[in-house]
Every structure is written in structure tokens, then in C-alpha cells.
Amino acid sequence: MRAVHVLPTLALLLLAACGGGGGGPEGPTGPAPDLTGWWQESTRDLLGDGDLLPFRLVELTDDGETVLYEGRTLVKTGWSIRLDRPDADDPDRSTWWFDILGADRLLGRVEQYRDGEPEWSHQRELVRSTAPSGQLAIHGTVGGRDVDVDATRAYAVEIDDDPWTALQIFDPDQRFQTYLFLVHEAVPHVPAATYDVGGADDEMSFQVHAELEAEAGASGNVVLTQSSADRVAGWYVVALSDGGSVLGSFDVPVRIRTVYER
């Protein structure tokens, strides 16, 4: 099975466009807007080629002085938010820095430095969105640890990377956004059907991410009872390659669709 372009969710580090400050124009004068709420996040690798591609939904919490973003506390100063970890002078630092371009748009970067030189560089754009409202259940053992997820704000990201279509089903309320990852040789959508997992004639790749390394499915079934551009629903019972197993179900809106260049 050909590898698809999957954006990493656990440690994706970003870099904004060139320019002063956080990579965009200076913000207007006066108080910056409250950033609390849901945002659609897009990203692109500035060390390579490509356009900004929608990636996932994130929830920000703004108390006026700091903004909580994916478990990180960024300091809000004027019309920008920033975090340097461990600090701005460390040669092996990570830097998150966004310009507030208005009430509904942020443009920024995160730079990962090693020995004072940028190692990873990703631009990131946030556009205001709405909270997801789907359901996702994951029960079983992954990587030797019990997993017990019953999400009520889940959603799907559909990735069209011809000839493959991938579905990432996120639970944004879990740390690092727990998700299922399903991939099948079909475009533009994975059709509703029963799919075998594992074996010589794989019909579907299956992985679980929950603060753990992805565990590829060794055997089992994924049943899609509904699959369209707007919604996917179904259930699964899958044995994992590490000896664990999971079962569960999902009924989620497709909130983001990413199409890679042909």
C-alpha cells in the first residue's frame, strides 16, 4: 500500500510566512479580539513546496493575557501571541508565534531550532470555525495501555491523495487529538461497505493514535454504513499488530477535506 501524505498530529512544528513580527502585517491599533473558540487549522512546509492545506480543528481559550493552544500557553501581546520553549535564547528552542489579523484569522509559525539553526519550518493559518458535534468510541488496548474513548465532539478529515482516500476521525477533547486513521484505494470518497483489515489482500489500513505510536491493524473488519462528502458512520472490530485490539463506532461530520495536487 502506497504511503499517503499524512500530516503529523503529535509534534507538528510550524513556521509563518516571511515578514516582520509573526510573519504577517502588523495588527490594527486598539485591543486585540478575544480568540476563544474553534478554528480550522491549515499548514504548509516552508522548507518544501506546496500550498496551505486544511488539517484539523483546534479550540483556543483566551483570557486576555494568554491563549491556551493545544495544551501550550502562548503570551498575548498586542496583536500577536507567542511562546518560546524553553526560552528565546536557547539554541534548541521551539517557537510558536502568530499574528492576529482580525477577529477571524491568525497567521503564524513555529520554528524548531537545533544548534541555533531552524530544523522544521511550517506556516500555519487559523480561520474561525464552529465546534464539531460527532460521536467516536474507541475501546480496547493499544500499545499495552487501556483506551476508553467516548467522544461527543468528534469530526472527520477526508484526505484525497489519488489513488488513495484517507479518513482521520478526531476526538479533539483528548490530549494530542486522539483519532482513527482509515485509508482505502478509492477516490473521491471511501464507499460504504465492509472492509477486511490485514492479510495479503488488504482492503483497508487501520491505525489508532492516542498519545501512542500508531498501531497498524493485523486483522478484523471496518464497516462503513454511511460515507459521503458530508458524513461518515460505521463500526469496527480490529486486532492490532502489537497484540492489542480495539472495537468501537463513529458517526461524524466531515468537517475538513484536503486534496493534494495531482
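Which residues does arginine 93 touch, not counting residues up to four places away in sequence? Arginine 93 touches Arg85, Pro86, Asp87, Ala88, Glu111, Gln112 and Tyr113, where contact means heavy atoms within 4.5 Å.

This is a predicted model, in which local features need pLDDT of at least 70 and side-chain atom pairs count only at pLDDT 80 or more, while totals for chains, interfaces and linings use all residues. Residues are numbered from 1 along each chain as its sequence is written, and side-chain values use heavy atoms, with hydrogens and water left out.

Arginine 93 lies in the loop between strand S5 (80-85) and strand S6 (94-102); strands are DSSP runs of E, at least two residues, numbered from the N terminus. Arginine 93 is buried without a salt bridge. Buried means under 20% relative accessible area (1.4 Å probe, protein chains only), and a salt bridge is a side-chain nitrogen of Lys or Arg within 4 Å of a carboxyl oxygen of Asp or Glu. The nearest side chain of opposite charge, aspartate 84, is 4.7 Å away. The side chain of arginine 93 does reach the backbone oxygen of alanine 88, at 3.4 Å.

Strand S4 (residues 72-77) has a covered face of Arg72, Leu74 and Lys76, and an uncovered face of Thr73, Val75 and Thr77.

| Hairpin | Residues between strands | Positive phi |
|---|---|---|
| S3 and S4 | 2 residues | glutamate 70, about 55° |
| S4 and S5 | 2 residues | glycine 78, near 60° |

S3 and S4 pair in the antiparallel sense over 4 bridges (pairing requires at least two DSSP bridges), with valine 67 opposite leucine 74. S4 and S5 also run antiparallel, joined by 3 bridges, and threonine 77 stands opposite serine 80.

How values were computed
Buried means under 20% relative accessible area, exposed over 50%, partly exposed in between (1.4 Å probe, protein chains only). Lys and Arg count as positive and Asp and Glu as negative; His and the chain ends are not counted. A polar contact is a pair of N or O atoms within 3.5 Å; within protein, one must be able to donate a hydrogen and the other to accept it, and residues adjacent in sequence count only if both atoms are side-chain atoms.
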